Amino acid sequence: MIFAEPIIAPGGDRFVVVYFGDDAAIELNFLALGLKAALAEAGLKGVVDTNPCYNSLVIEYDPDALDYDDLLRELRALAAALGPVDTLELSSRLAYLPAMYLDPWTKEAIEDYCKRVKPREFDPAFVARLNGLSDVKQLVRVHSGTEHWVISVCSLPGLPLLRPLDPRCLLTSPKYDPPRLWTPPNAICTGGMSTSIHTLRVPGGYNLIGRTPVPMWQATQALPIFKDSVVLLRAADRVKFVPIDLEEYHDIEARVNEGTYAFNVTNYQRFSVGAYRA
Amino acid sequence: MIEVLKPGLETTVQDYPGRKGCFGYGFAPSGPIDHWSFRLANLLVGNPVSAAGLECQFIGPTLRFGRDAVIALTGADMGATLDGTALPLWQSLTVYTGQTLVLGAARLGARGYIAIDGGIDTEPFLGSRATYSMAGVGGLDGGALKAGQHLPLGAPRRIAGRRVRAAARPSIATDRQWTIEVVPGPNDDWIDETGQRRFLESEWKLSARSNRVGFRLEGPEWSFADKAIHKAPEHGSNPSNTIDHGYPIGAINLCGQTPIILVNDTLTLGGFINPYTVISAAFWKLGQSRPNEIYRFKAVTVREAQALRREIDALCGEASLEPT
């Protein structure tokens with residue numbers, strides 16, 4: 001449900017959180033990203049950072065430069081000026097990411113969990129079964145058959161939190177309990193109703209379904225795509241996974257390592273919420 | 001240049017206020033947890049308060065100086081010596097080329113800070129030298145110091161013979177008890193009235209399972225408001241679960257029944273509620289408290305929290321220094 005007026009709650013003396021609704025309807029993220037863009041456009045002095053998610057936007061501010069009441073007033077005014085969600089247009093790029101589904105590296109992580117923590121069904125088969133799909137091949141077709149919307153880039157450097165724009169391709173699954181001890185970097189995983197690409201070797205709870213040979217961030221900025229930014233994706237971008245096999249995986253990985261890989265990312269386009277919802 | 005002879009338990013290069021404006025890339029800010037002591041150390045040696053220095057957690061490093069320098073030690077008392085002679089805290093001191101600075105285990109407090117005139121001159125990443133170990137960026141090679149490494153230094157400034165007035169120093173608790181100010185929210189309405197009262201009236205013990213990502217607390221059970229129990233299924237099944245949302249720094253993040261204060265290297269987002277947020281003016285207390293010490297939380301308003309922040313900021317200026 002979209003709140004008639006967003007709820008703004010304090011997070012200590014230098015953060016506020018704006019909630020646009022109480023569920024995870026994608027429209028709430030569109031509103032959060034609309035407010036993020038409007039704040040940037042307004043150039044409000046004292047706004048330090050913004051951090052969007054499913055139905056919310058965190059704003060960090062400098063209380064010496066921006067009075068709390070003024071911030072609340074500005075946020076309410078900017079949120080009201082967004083208008084109905086269908087009128088929103090967001091700047092968005094489309095990134096085609098090579099994805100090896102059912103790859104050997106995430107398989108190894110799952111097998112290691114089964115051996116050291118507790119046995120579990122193979123993640124892709126588990127997700128396929130829970131979502132009424134016939135087999136893992138259909139899982140690959142469904143997951144790669146839609147553009148995924150970048151809800152946020154968060155949690156770890158460059159990590160995109162994704163959900164499918166085609167609601168027929170929505171996959172839901174419970175997270176690992178207890179969590180996995182490690183995840184191969186660049187693992188493509190799904191949990192709750194999201195997909196993410198884990199950018200570091202960290203513990204994790206999402207179900208592993210594949211791996212991409214391309215990095216989501218690069219501190220050295222050696223690849224041309226990272227020249228202007230250390231991270232690949234931004235909230236409001238879109239991702240289309242392109243299935244590849246092991247040979248292509250190794251080929252792309254080699255080109256990434258030698259610094260010659262060319263990402264396939266479009267320029268910024270206007271993403272019309274109204275056209276999407278029509 | 002400074003040579004690291006022994007790294008200490010977890011000594012990192014930090015600057016103030018850390019890597020700001022990078023939540024949207026997935027980077028925590030990092031920076032010193034006790035930013036009050038850190039800034040005073042920089043002021044003492046004539047650096048801008050933002051300059052990069054060292055944060056030493058629990059056990060300090062052993063360092064050999066490759067140039068004459070002026071240093072200052074603030075925060076936790078780690079029994080520092082220079083070539084065997086005891087050094088005072090809260091003063092700017094001259095160190096000569098070839099001398100060895102030894103910091104030991106913290107005797108009072110938890111985090112010692114070392115500022116060196118000219119600051120530490122490692123390569124900045126996204127505008128900051130702060131170490132963010134989880135991502136392996138900032139600082140020296142992206143992590144805590146290791147024996148044999150060399151810390152590059154900026155141009156010397158040579159301001160010795162100053163100390164911080166007693167009234168301008170943080171006063172580290174000797175009775176192992178701390179009062180930590182919090183602002184209720186963003187999700188205090190997910191806790192029922194009894195639970196809110198219990199949080200503010202109980203003692204909470206700082207767990208040894210704490211680090212620069214989160215400070216874990218042990219204490220009584222939490223009880224929840226109706227909206228935490230009857231909610232859309234997307235929120236998850238546990239009362240403390242919510243739809244993923246961004247985390248403010250300082251948030252008291254409730255994972256099931258375990259509260260974790262999210263500090264400088266936190267994950268920027270997740271699926272648990274944040275009923276309270278520790279204010280920035282109380283972070284020095286987090287930085288100087290040790291495992292098994294006791295926190296009591298005191299609710300303040302946003303305005304009160306901002307006034308406390310201004311008080312500390314005002315103390316981090318030249319007026320707090322006097323000649324020795």
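Is Asp112(A) buried or exposed? Asp112(A) is buried, with a relative accessible area of 15%. The close-ups below come from a predicted model, and the first one starts with this residue.

**View 1. Asp112(A) and Arg116(A) pair up in a salt bridge.** Zoom in on the two side chains and you get 2.8 Å from N to O. Both residues sit in helix α3 (residues 104–116) of chain A, and because they are four residues apart, about one helical turn separates them.

**View 2. Arg163(B) and Glu322(B) form a salt bridge in chain B.** Here the closest N and O atoms are 2.9 Å apart. Arg163(B) belongs to strand β12 (residues 162–164) and Glu322(B) to strand β21 (residues 321–323), so the pair ties together parts of chain B that are 159 residues apart in sequence. Arg163(B) is partly exposed, at 29% relative accessibility. Glu322(B) is partly exposed too, with a value of 22%.

**View 3. Glu27(A), Asp86(A) and Arg277(A) make up one network.** What joins them is salt bridges that share partners. For context, the count over all chains comes to 32 salt bridges.

**View 4. Arg270(A) meets Glu89(A) in a salt bridge.** The N to O distance is 3.5 Å. As for the surface, Arg270(A) counts as exposed at 53% relative accessibility, while Glu89(A) is partly exposed at 42%.

**View 5. Tyr295(B) and Phe297(B) have the most contacts inside the largest nonpolar core.** That core has 124 residues. Helix α1 (residues 26–42) of chain A gives the most to it, with nine residues. Leaving aside residues up to four places away in sequence, Phe297(B) touches Ile180(B), Val182(B), Phe199(B), Leu200(B), Trp204(B), Leu217(B), Ile252(B), Ile261(B) and Val278(B).

**View 6. Val127(A), Val150(A), Leu162(A) and Leu171(A) belong to a second, separate core.** This one has 34 residues, including the four named in the title.

Note on methods
Residues are numbered from 1 along each chain as its sequence is written. Chains are lettered from A and ligands numbered from 1 in the order in which they are written. This is a predicted model: local features need pLDDT of at least 70, side-chain atom pairs count only at pLDDT 80 or more; totals for chains, interfaces and linings use all residues. Side-chain values use heavy atoms; hydrogens and water are left out. A nonpolar core is a set of buried Ala, Val, Leu, Ile, Met, Phe, Trp, Tyr and Cys residues joined through side-chain atoms within 4.5 Å. Buried means under 20% relative accessible area, exposed over 50%, partly exposed in between (1.4 Å probe, protein chains only). Helices (H or I, at least four residues) and strands (E, at least two) are DSSP runs, numbered from the N terminus. Contact means heavy atoms within 4.5 Å. A salt bridge is a side-chain nitrogen of Lys or Arg within 4 Å of a carboxyl oxygen of Asp or Glu.
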